[in-house]
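This briefing covers how one protein chain is divided and how some of its parts touch. Look at the structure first, then read the points below.

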Number of protein chains: 2
Amino acid sequence: MRIKDIREATASISSEIQNAYVNFSQMTVSVIAVESDVVRDGRPVTGYGICSNGRYAQGGILRERLIPRLEAAGEGELLTDDGSNFDPRKVRNVMLANEKPGGHGDRSVAAGALDMAIWDLVAKIAEQPLWRLLSDRYNDGKHDERVMVYPGGGYYYPGKGLEKLQDEMRGYRDQGYKVVKMKIGAVPLTEDLPRIEAVADLVGGNDLAVDANGRFDLTTALAYGDAMAPFDLFWFEEPGDPLDFQLNAELAARYPGALATGENLFSLQDARNLIRHGGMRPDRDWIQVDPALSYGLTEYLDIIEMIESLGWSRRRLIPHGGHQLALAMAAGLQLGGSESYPGVFQPYGGFADDTVIVDGMAEPGEHLGIGMEFKGAMFAEIRKLVG
Amino acid sequence: MRIKDIREATASISSEIQNAYVNFSQMTVSVIAVESDVVRDGRPVTGYGICSNGRYAQGGILRERLIPRLEAAGEGELLTDDGSNFDPRKVRNVMLANEKPGGHGDRSVAAGALDMAIWDLVAKIAEQPLWRLLSDRYNDGKHDERVMVYPGGGYYYPGKGLEKLQDEMRGYRDQGYKVVKMKIGAVPLTEDLPRIEAVADLVGGNDLAVDANGRFDLTTALAYGDAMAPFDLFWFEEPGDPLDFQLNAELAARYPGALATGENLFSLQDARNLIRHGGMRPDRDWIQVDPALSYGLTEYLDIIEMIESLGWSRRRLIPHGGHQLALAMAAGLQLGGSESYPGVFQPYGGFADDTVIVDGMAEPGEHLGIGMEFKGAMFAEIRKLVG
């Protein structure tokens with residue numbers, strides 16, 4: 001068993017939306033196909049992967065470092081000991097050989113996309129949906145039938161007023177979502193508060209999460225916290241710079257509601273520092289590390305072990321990214337939930353087309369592997385780009 | 001005044017050396033030329049930059065994100081308010097527009113190389129050596145005539161025994177160095193101790209720094225610390241994972257000698273976390289952030305301000321990387337010193353050819369800009385690659 005070909009391309013997910021920190025007019029993602037020499041129904045079994053949104057495609061690192069290392073791997077070096085499938089941890093060790101520790105940024109995104117394709121391939125070779133394979137291998141056969149999901153929405157865009165914001169949220173409710181999320185921090189608090197009130201009036205503060213995308217200094221974070229506390233929000237996300245653990249700890253000491261952060265932490269080490277130094281409270285806060293930006297599911301399994309060793313429940317993990325991988329992981333590993341992208345980052349954002357959302361919960365399907373093939377518009381583009 | 005052309009290429013610095021973590025057989029660096037429309041002596045004034053060793057060339061991020069943003073900059077957007085020169089901070093803000101916070105890895109390396117070329121250009125347009133420009137602008141006209149330098153050496157390579165290791169160190173002494181450095185951690189403590197003893201016998205423990213390149217877990221770091229304490233070493237470098245601040249703090253609480261770390265921290269935020277959470281002692285420890293891997297001198301100016309605001313002296317800063325930029329910065333900003341590469345990472349490692357080392361100190365020259373042109377073998381290759 002061997003990898004016959006690894007194909008990689010850059011896809012645009014350009015849009016007019018913006019959060020408090022960046023606009024997405026030039027945003028791209030990497031798309032990857034890993035073709036094996038295993039043949040089923042006359043066709044080679046192929047795994048597909050993408051990186052999550054927000055950190056750009058990583059063609060350079062993929063083409064110059066990670067993919068050549070896999071192509072140069074020796075006979076059997078990437079396989080389980082019994083040779084019956086690829087071993088994602090061995091693949092990871094090969095693709096990241098001679099990479100220094102630290103500096104978990106773009107490299108982690110490149111590895112995340114490639115790791116996704118490997119897991120898709122592994123589950124397809126095992127003829128299982130990924131969530132079931134994860135449940136069998138890493139969760140004593142347990143899994144969740146339904147996964148809490150919330151739409152990552154409420155972006156700022158030109159000409160969007162309170163009414164359009166409410167319309168957007170009403171739309172999510174109509175689609176079956178319960179908890180909704182909106183961006184804050186791109187305008188002053190006095191302008192943001194009416195936005196928050198408008199959505200809280202519609203859905204209830206308990207079901208509203210707000211996301212500052214790392215924009216606030218401590219003073220501003222505390223001011224927003226004080227102003228938002230009465231809403232008893234679902235969570236207050238990424239108040240300050242993702243690496244300013246001290247700011248997070250000071251806010252956590254004062255803000256009574258739930259905090260959520262981690263989409264811009266890209267490794268076990270960075271996530272561990274959040275828990276060690278960030279003042280996060282295991283009874284209420286949420287950790288949002290995105291496997292497709294952070295060396296993949298393989299690293300994420302280590303992150304689960306790490307947080308449990310530090311006294312946290314894996315139910316506090318809700319991955320960023322709104323992709324099929326996160327949904328499969330949340331179901332098979334019994335995490336806290338998954339972000340969802342019903343409207344943004346198309347065609348790459350969101351779950352398989354047949355995913356039904358009821359009462360804010362999604363069921364993972366019985367698709368083989370991750371189920372990339374069952375998100376039609378995305379897969380059509382993937383096929384065009386990487387075959 | 002405007003940028004006429006930005007050229008970028010990947011150069012090999014492949015070698016047989018290895019540290020405790022990686023081998024350098026496939027190592028590359030990015031080489032950059034930024035050509036302005038300013039003409040002197042009939043030729044366009046051009047700034048040159050390279051990234052430091054260890055984190056690979058960053059052609060993808062440069063070509064796809066950073067360089068296009070500079071090329072798209074509006075009239076005057078990159079200039080000082082009076083239009084008399086380029087403004088490195090404005091350049092930085094343009095090249096990093098729409099980049100999310102956090103994830104300081106490869107992006108910081110790409111930006112570091114580009115920022116180096118910008119500062120070289122700025123100093124050349126100002127007709128000054130960079131160290132003098134830095135002294136005038138940011139250090140009240142003060143500077144150091146001589147800078148403490150030490151050779152980053154003592155690597156493992158095939159067939160290298162104790163005698164060759166001693167020969168190497170004797171060679172550095174003959175070249176005028178005082179403090180020398182060697183790698184540890186690629187073999188067990190029982191094999192490393194005789195290596196350390198052999199070099200300490202030759203140069204004295206006080207003048208020997210050892211570098212574990214982030215390899216140790218806490219138990220191993222403490223065991224090495226206990227075994228090495230009697231040597232009263234110059235420093236014990238990067239004992240554990242660069243982001244394991246807790247390990248560093250626990251070691252610092254027990255190991256009486258100096259610690260040094262930071263070459264794998266690539267941003268102000270990460271360096272601040274080292275100081276906040278890493279137990280580093282301002283009276284003895286050293287911080288080694290490398291500007292050419294960490295968004296450049298522009299970010300480093302902010303790092304100096306940050307550490308001083310936290311009660312640290314800039315004399316505790318000794319940049320990793322052994323390049324002319326670090327030497328100029330150490331002289332003009334009065335840092336603690338600079339690494340030096342008399343033997344490795346050629347032709348990119350090391351200072352200008354006419355740099356004389358006496359009593360472990362180097363004088364920055366009167367070369368215009370950073371002085372890349374005065375390291376002959378390197379500049380010949382740079383000219384070949386990027387004109």
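Chain A is assigned two domains, domain 1 (3–127) and domain 2 (137–375), with bounds that come from an automatic or database domain assignment. The model is predicted: local features need pLDDT of at least 70, side-chain atom pairs count only at pLDDT 80 or more, and totals for chains, interfaces and linings use all residues. Residues are numbered from 1 along each chain as its sequence is written, while chains are lettered from A and ligands numbered from 1 in the order in which they are written.

**Between the domains**

- The centres of domain 1 and domain 2 of chain A, taken over C-alpha atoms, are 24 Å apart.
- In chain A, 34 residues of domain 1 are in contact with 36 residues of domain 2 (C-beta atoms, placed from the backbone, within 7 Å).
- On the domain 1 side, β3 (43–50), α2 (88–95) and α3 (106–125) of chain A each supply at least two residues; helices (H or I, at least four residues) and strands (E, at least two) are DSSP runs, numbered from the N terminus.
- The largest share of that side, 11 residues, comes from α3(A).
- That side has 16 nonpolar, 10 polar and eight charged residues (Ala, Val, Leu, Ile, Met, Phe, Trp, Tyr, Cys and Pro count as nonpolar, Asp, Glu, Lys and Arg as charged, the others, Gly among them, as polar).

- The contact between α6(A) and α7(A) is made by Leu189(A), Leu193(A) and Ile196(A) of α6(A) with Ala223(A), Tyr224(A), Ala227(A) and Met228(A) of α7(A).
- By class, this contact of α6(A) with α7(A) has seven nonpolar residues, no polar ones and no charged ones.

Note on methods. Contact = placed C-beta atoms within 7 Å.
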